[in-house]
Amino acid sequence: MFTSFNLKKLFGACGVVLLLMSPLFAFGDQTSAPAAPAASAPAAAPAAAAAPTPNKGDTAWMLVSTALVLMMSVPALALFYGGMVRSKNALSVLMQVFVVFSLITVLWCVYGYSLAFTEGSGSLGAFFGGFDRLFLKGTFDSASGAFSMAATFSKDTPIPELVFVAFQATFAAITGALILGAFVERVKFSAVLIFMVLWFTFAYVPIAHMVWFWPGPDAYTAANVVDAMNAKAGMLWQWGALDFAGGTVVHINAGVAGLVGAYMIGKRIGFGKEHMAPHNLTLTMIGASLLWVGWFGFNAGSALEANNSAALAFMNTFLATACAVLAWTFGEWIFKSKPSMLGAASGAVAGLVAITPAAGNVGIPGAFVIGTAAGFVCLWGVNQLKRWLKADDSLDVFGVHAVGGILGALLTGVFNSPDLGGPGFYNNWFEMKQGFGGIGAQFLIQAKAVGVTIVWSGVVAAIAYKIADLTVGLRVAPEEEREGLDTTSHGESAYRL
């Protein structure tokens, strides 16, 4: 309980976190121009250029999309997870999601955005950005009333940088919240917070930079600067990896970290022997439904403009999710004799996860295939694969998010092909011409990006969990676990009987 929390351990943990973060402040380029993302957003326009006026429709769409992604965590993910645990732990899950989302939002505005979406220096520039956006410095000048701009995927089409900061903050925050599902019902709340600070700093931020950071289309002013501009991008963006809205950055990243946590924290008391069914599938269904609605902001918003790309991502998200619901439902019906509400809800999330990297990168045929495949493959992931792994991944974070993210990332390399109805991608940002390098070549690039994400996230997660364990301990006492975390960790209860 909080009243018995060891303050010396807390201060010691904070010291460790600050010590580990200190090297980051040694290599930041204090003068680098702020940039914005790659496959999910380009760079801030150079300060010296006369920035065009943002389109009000694009800005409005991005504000709405940001609010939709916020809804995906609180309340959607909180309800989805909360309904799947036992009643004695329901409030603890809501609390963890709510506070983790808030924690990462603050860290994002302090240093996360700057490290992820500004230009770095030297050899580390492919992995981390700089520090000229610490505490969001430079995004708004109170003296002049001027707002800095961030580019989209079209030239001379900016949005206010603060809108982009907020949009990406919701991505970072929900990624941390997703991890929680792997080890609910037995983890210390203090350990969760320590782990999240470390993992966010050394896993989420660099992977986001590697996948999404690039100088933006306005930086490609002539053919002879293309190579120099490409060299400033994140490592995986330079490779040509396609991730429209977070298959690697969000879902594989979170799923791998969750699986490592399930192993290191250990199985719940009575796992495999006691009944641990979801206590309220109504909450889970409502949460899944809100996730589906909010995911339109997640995927279609990643176009950064209210345009044809957003329309394609919107429709693909709509269709692939419905296909996954049907695939999971009929798969469960065939192999388990009865279709379940939990299965249908899980199928929806699996479809949403798998279409995320592909949303604006594939055509309608790709959405049909990816959604249907996700339903069947993730059903296998939470059953047979889970038994092979022998981990108590309580709410199937790895089986749905990692497996679905891997599937979607790989199939993006296939169905991006114009021959299979895909839009291709810009391989010439100076002339803004579409191209495609071939299915085999792009599939290999996607596989390499998946591999880097798995290894990076897994290693950082293992170290972060170990540090949390050495400082405050990862797991609550057995008697607290049996009583339930609602009362033992928070002194409250989700229900008054």
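The largest cavity is lined by L259, G381, K386, L389, A391, D393, D396, F398 and G399. A cavity here is a set of points on a 1 Å grid over the protein atoms alone where a 1.4 Å probe fits but cannot get out, and a lining residue has an atom within 4 Å of a point. This is a predicted model, so local features need pLDDT of at least 70 and side-chain atom pairs count only at pLDDT 80 or more, while totals for chains, interfaces and linings use all residues. Residues are numbered from 1 along each chain as its sequence is written, and side-chain values use heavy atoms, with hydrogens and water left out.

The volume of the largest cavity is about 50 Å³, where volume means the space filled by probe spheres set on the points, with grid points joined across faces, edges and corners. The count is one cavity of 30 Å³ or more. Which helices supply at least two residues each of that lining? They are α13 (364–389) and α14 (397–415), and α13 gives the most, with three residues. Helices are DSSP runs (H or I, at least four residues), numbered from the N terminus. By class the lining has four nonpolar, two polar and three charged residues. For that tally, Ala, Val, Leu, Ile, Met, Phe, Trp, Tyr, Cys and Pro are nonpolar, Asp, Glu, Lys and Arg are charged, and the others, Gly among them, are polar.

Next, the salt bridges. The term means a side-chain nitrogen of Lys or Arg within 4 Å of a carboxyl oxygen of Asp or Glu, and the count is nine. R86 pairs with E185, with the closest N and O atoms 3.2 Å apart. R86 sits in the loop between α3 (56–84) and α4 (90–117), and E185 in the loop between α5 (161–179) and α6, 99 residues apart. R86 counts as buried at 13% relative accessibility, and E185 does too, at 1%; buried means under 20% relative accessible area, with a 1.4 Å probe and protein chains only.

E185 also meets R268 in a salt bridge, at 2.7 Å from N to O. R268 is in the loop between α9 (247–265) and α10 (281–300), 83 residues from E185, and both are buried. R186 forms a salt bridge with D392, the closest N and O atoms being 3.7 Å apart. R186 lies in the loop between α5 and α6 and D392 in the loop between α13 and α14, so this pair ties together parts 206 residues apart in sequence. Salt bridges that share partners put R86, E185, R186, R268 and D392 into one network.

Now the nonpolar cores. A core is a set of buried Ala, Val, Leu, Ile, Met, Phe, Trp, Tyr and Cys residues joined through side-chain atoms within 4.5 Å. Among the 128 residues of the largest one, Y81, W108 and Y204 touch the most other members. Helix α6 (residues 189–212) gives the most to this core, with 17 residues. A second, separate core has 14 residues, including L319 and I370.

Last, N361, in the loop between α12 (341–355) and α13. Is N361 buried or exposed? Its relative accessible area is 9%, so N361 is buried. Leaving out residues up to four places away in sequence, N361 touches L242, D243, F244, T412, F415, N416 and P423, contact being heavy atoms within 4.5 Å.

Conventions:
On a 1 Å grid over the protein atoms alone, a cavity is a set of points where a 1.4 Å probe fits but cannot get out, and a pocket is an open set with protein on both sides within 12 Å along at least five of seven lines; lining residues have an atom within 4 Å of a point. Buried means under 20% relative accessible area, exposed over 50%, partly exposed in between (1.4 Å probe, protein chains only).
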